[in-house]
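Here are my notes on this one, as numbered points. Have a look at the model first, then read on.

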Amino acid sequence: MTGKLNGSCFYNLSYFYTDCAVNTWRSLLPSGSSTGLKRLTEEQRVLNRSKRGWVWNQMFVLEEFSGPEPILVGRLHTDLDPGSSKIKYILSGDGAGTIFVINDKTGDIHAMKRLDREEKAEYTLTAQAVDRDTNKPLEPPSEFIIKVQDINDNAPEFVDGPYHATVPEMSVVGTFVTKVTATDADDPVYGNSAKLVYSILEGQPYFSIEPHTAIIKTALPNMDREAKEEYFVVIQAKDMGGHMGGLSGTTTVTITLTDVNDNPPKFAQSLYHFSVMEDVALGEPIGRVKANDLDIGENAKSSYDIIEGDGMDIFEITTDAQTQDGIIRVRKPLDFETKKSYTLKVEAANIHIDPRFISGGPFKDTATVKIVVEDADEPPVFSSPTYLLEVHENAAINSVIGQVTAHDPDVSSSPIRFSIDRHTDLERQFNINAEDGKITLATPLDRETNMWHNITIVATETRNHSQVSRVPVAIKVLDVNDNAPEFASEHEAFLCENGKPGQVIQIVSAVDKDDPKNGHYFLFSLLPEMVNNPNFTIKKNEDNTLSILAKHSGFSRQKQEVYLLPIIISDSGNPPMSSTSTLTIRVCGCSSDGIVQSCNVEAYVLPIGLSMGALIAILACIILLLVIVVLFVTLRRHKNEPLIIKDDEDVRENIIRYDDEGGGEEDTEAFDIATLQNPDGINGFLPRKDIKPDLQFMPRQGLAPVPNGVDVDEFINVRLHEADNDPTAPPYDSIQIYGYEGRGSAAGSLSSLESSTSDSDQNFDYLSEWGPRFKRLGELYSVGESDKET
């Protein structure tokens, strides 16, 4: 089979026609390329009628071909085709039937669509010749490739654009800025369609670009950021090696100059004026100065210092990290009366200096600052920040123990009044003279109770009471010998009966509340009448203690159990103080080793082998048995009492003796009030029991038991009559009062409230009928009536 390329060449499936091959390679080689053609013609003589397979399997078609008819790519032909149309050509593979169509009779292959090499550069197809009638293959299938030839149909593109770059200001010429890259979709192998050349359309003369590497560099020296910070550069990429007719693409590069420290700080003014009150607080800012720097960021940071002036130790200057201002603060207190103005020389210097520009001059600047101190009304000032006074504890009342002084620092010099802050002297132990500040003693002091007193003295200006100062005063109470020494503790010595002469019974020590400068030194002695004590003696030890010694042996508890030894203790003060303390020495029974076993004399009369604890247990058992016996007898006595009430303990008599207050006349539910009415009340006899009479009432004799047939109503009336005439018995209830007073009472009311009659209209004779309690009252009113008649 042969094939024809572009209508001029044929390919044979069995053999290849060399003339066609020469023409094909001639058309593919560039103009002037005769070497390849010559080599091919030399091989032509050798490869004449050679086997197929090494040249024919490529066909070519131009991309973007847009003719009126399908373009002929090539033709396939087999030697088995006699021209009788019995051969049928079949095409399969990439794009077969859609993009590429073959004439099954002639073997012509046409491209039916426009091809784009950038989408697909080559197509692999398979050709075969079959019998048209039987579809049987006449030859094996042959594979070949159709390549799409490139044309310059794509412009360069900057995929990563637009670009942003930075370069330090003041850079030298040729300093690297950035690199850009453009891409071209055309075939970089075939022709110059993808050969790019770069150039600058905008941005000259500041920057330049390498045509083939696209590296952008600075083109001018000493570009100043403070003059112009940002540059806009347009870069072009053109294919076809930059020749005319090539396609191009552009991008933008924004180049920013970064700052370097090439500018020194500069004060806005050379002289600053500030004023400040003399009572300004320490550390308080009084003013700000500013040194401007055209640089930015770290390059604009400056530090401030006071380098000259008469107030270098009075003022200080610091840098505000946010605003880069210099803040002037007060370092020490100001005094208008001492100095009224100060002059300072302030310097501002860059912190970060670029050595490349150090030759440009010092990166610092100076300015003068004048500060005027203004007068303020200041509080009083004490002559000392603290005072320490000393006073003896036996100092007299109203004695002066010290003095504080203060003055007004102002020019007006207001008088000062002194006082004690009583919150610091709650017990009011001290006083102060308001005029001269002398502190006196108000109450006695005791060093042993409180050695230190801390008070606060207040100084106030008389012309302005708001101006107040305070000062602490510590008062130390000095010791005087006013306490006698005594035993350190209550000592009780134990002396063994089998002790030896000269044996140390007890070692005692003494204490003294006083605190002498040279320490304590005590003197011990016995009372004069005890000096010749036959039993004990004393011995002073070097450690300021005293040893008690026995003079003889043979002490006995039966003879004398306890000895009292008075001892005089004296100190070494001036004047010396002394006291007498008594040491109790108890005689005890001891073991052979001197261990105390018993110190009670009763131990001799106790049975042998019976301890005190055993005796206490026995005594407790006896007491418990006695209590049990008493309880048993009491219970038996209560158990033998009869349950039947005897005649002499009649329940009716108990009603009379039961001391219970009733509910009055209105209480009619508990019992019949009519039965308890006093029959004497009907006759006008109403005894009162409000006042206890002076006469002693003889108790009545016990009545005999009431027979069972007696009427209860008569019995109660008898008892009520006796109770009414008994002046010593209190009223049992309120029936006697509620039943006969008020509305409907025969006696009427003694009250003068709401009474329309006078005393002269009343007759008080009825009072004598009320019983012994009102007899005296009736006599008084009777006497009054008789006096009126007289």
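1. A quick definition to start: buried means under 20% relative accessible area, exposed means over 50%, and partly exposed is in between (1.4 Å probe, protein chains only). This is a predicted model, where local features need pLDDT of at least 70, side-chain atom pairs count only at pLDDT 80 or more, and totals for chains, interfaces and linings use all residues. Residues are numbered from 1 along each chain as its sequence is written, and side-chain values use heavy atoms, with hydrogens and water left out.

2. Take L619 in helix α3, residues 612–639 (helices are DSSP runs of H or I with at least four residues, strands are E runs of at least two, numbered from the N terminus). L619 counts as exposed because its relative accessibility is 52%.

3. L619 also belongs to a nonpolar surface patch with I623, V627 and L631, and together they have about 370 Å² of accessible area.

4. Strands β32 (residues 452–461) and β33 (residues 468–478) run antiparallel and are joined by nine bridges. T460 has V468 in β33 as its bridge partner.

5. Elsewhere, L72 sits in strand β4, residues 71–77. L72 counts as partly exposed because its relative accessibility is 25%.

Technical notes: Patches are made of residues with over 30% relative accessible area and no salt bridge: like charges are joined within 9 Å, nonpolar side chains (Val, Leu, Ile, Met, Phe, Trp, Tyr) within 5 Å. Accessible areas come from the Shrake-Rupley method with a 1.4 Å probe; for residues, only the protein chains shown count as cover. A salt bridge is a side-chain nitrogen of Lys or Arg within 4 Å of a carboxyl oxygen of Asp or Glu. Two strands pair if DSSP finds at least two bridges between them.
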